[in-house]
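Student: Got a model open here and want to go through its contacts. Can we start with the charged pairs?

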Amino acid sequence: MKNKIDIWQEIKSHIIITFAVFLSAIGWCGFLIPNQMLGGGVSGLSTIIYWLTGIPTGIMIFVLNAILIGISFKSLGRRFAISTIYSVIITSVMFYFGQEYFGDTPLITDKFLASVLGAALNGVACGIIFLEGSSTGGTDVIAVMINKYRNVTIGRLSLFINVVVIGCSYFVFKDLELLIYSYVGLMVTSYTIDMTMNGSKQSVQMFIFTSKPHEIADRVGEEVQRGVTMIKGTGWYSKKESEIVMVVVRKIESQRVIRIVKQMDPAAFVSVNTVMGVYGKGFEMMKK
């Protein structure tokens, strides 16, 4: 029964990821690429290569991501890496057919509206994919790796990494106006990712009330690699003593903890509280 639940959760997660990639493909192929604008990352590099050589973006997205994932496979973790590989394959396929469908005809010809709408769709898609414990590959993989050890939002990391990528488009078109629109789109994508993931407060405190506290604590420690604290408590109705699992994780990691709890004890009660700041190892450094 538990295996069936686990399989269904994985299928549900991949359906959500597929829908998110579909939104991203519309944003890129329907708004950004036909208007000769970039959104950064591997998709942006692939778009530049498309403009220079005519090679479809879907093919280059697959090739560049295969290289990056191969380099960072061990540090990403098995599940995240496999889920990311799935996202990359779906992204490559949807971008390929998306370009075939839309061609060079944008859904909106107004440059500003196209940059905002296309970037917003891409940002929502990336945020949803991150919440499902996956990524679209490319610079997202780098951002997630840094976010694991530093208290910097994924949207902000993506912004810094992609500024250089978008800057390269100026050397292709020599058009300052398009460059500015591309940067506007990048900021919209960065902001939308963080908003989709419930703001820039990336850390949460979780209290887990369960009949299997030790089993859940072991899996959280092994799979999420976060410290766990056991708190003694007494149920006022039952008058029975029990152990409460308390853990502080980043927002992006909370879904992994909830998935573990659902697999181990579907009847568990979980309280998730957003915290203003977390200082110490693995989070933000204490400032003077």
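Student: Which residue forms a salt bridge with R226?
Tutor: E253 does, with the closest N and O atoms 3.0 Å apart. A salt bridge here is a side-chain nitrogen of Lys or Arg within 4 Å of a carboxyl oxygen of Asp or Glu. E253 lies in helix α11 (residues 251-264) and R226 in the loop between α10 and β2 (228-234), so the pair ties together parts that are 27 residues apart in sequence.

Student: What should I know about the model itself?
Tutor: It is predicted: local features need pLDDT of at least 70, side-chain atom pairs count only at pLDDT 80 or more, and totals for chains, interfaces and linings use all residues. Residues are numbered from 1 along each chain as its sequence is written, and side-chain values use heavy atoms, with hydrogens and water left out.

Student: Back to that pair. Is E253 buried or exposed?
Tutor: Buried, at 5% relative accessible area. R226 is buried too, at 10%. Buried means under 20% relative accessible area, exposed over 50%, partly exposed in between (1.4 Å probe, protein chains only).

Student: How many salt bridges in the whole structure?
Tutor: The search finds 3. One of them joins E243 and K232, with the closest N and O atoms 3.5 Å apart. That pair links distant parts of the chain: E243 sits in strand β3 (residues 241-250) and K232 in strand β2, 11 residues apart. E243 is partly exposed at 22%, and K232 is exposed at 67%. Helices (H or I, at least four residues) and strands (E, at least two) are DSSP runs, numbered from the N terminus.

Student: What does R219 pair with?
Tutor: E223, at 2.8 Å, N to O. E223 is partly exposed, at 37% relative accessibility.

Student: New topic. How many disulfides?
Tutor: The count is 0. The test is a pair of cysteine sulfur atoms within 2.5 Å. As for cysteines, C29 is buried at 2% relative accessibility, and C126 is buried at 6%.

Student: Which residues form the nonpolar patch on the surface?
Tutor: Among them are I55, F62, I85 and F97, and the patch has about 840 Å² of accessible area together. Patch members have over 30% relative accessible area and no salt bridge; like charges are joined within 9 Å, nonpolar side chains (Val, Leu, Ile, Met, Phe, Trp, Tyr) within 5 Å. Areas come from the Shrake-Rupley method with a 1.4 Å probe, and for residues only the protein chains shown count as cover.

Student: Which helix gives the largest share?
Tutor: α4, with 5 residues. I85 is in helix α4 and is partly exposed, at 34%. α3 (57-76) and α4 (78-102) each supply at least two residues of the patch.
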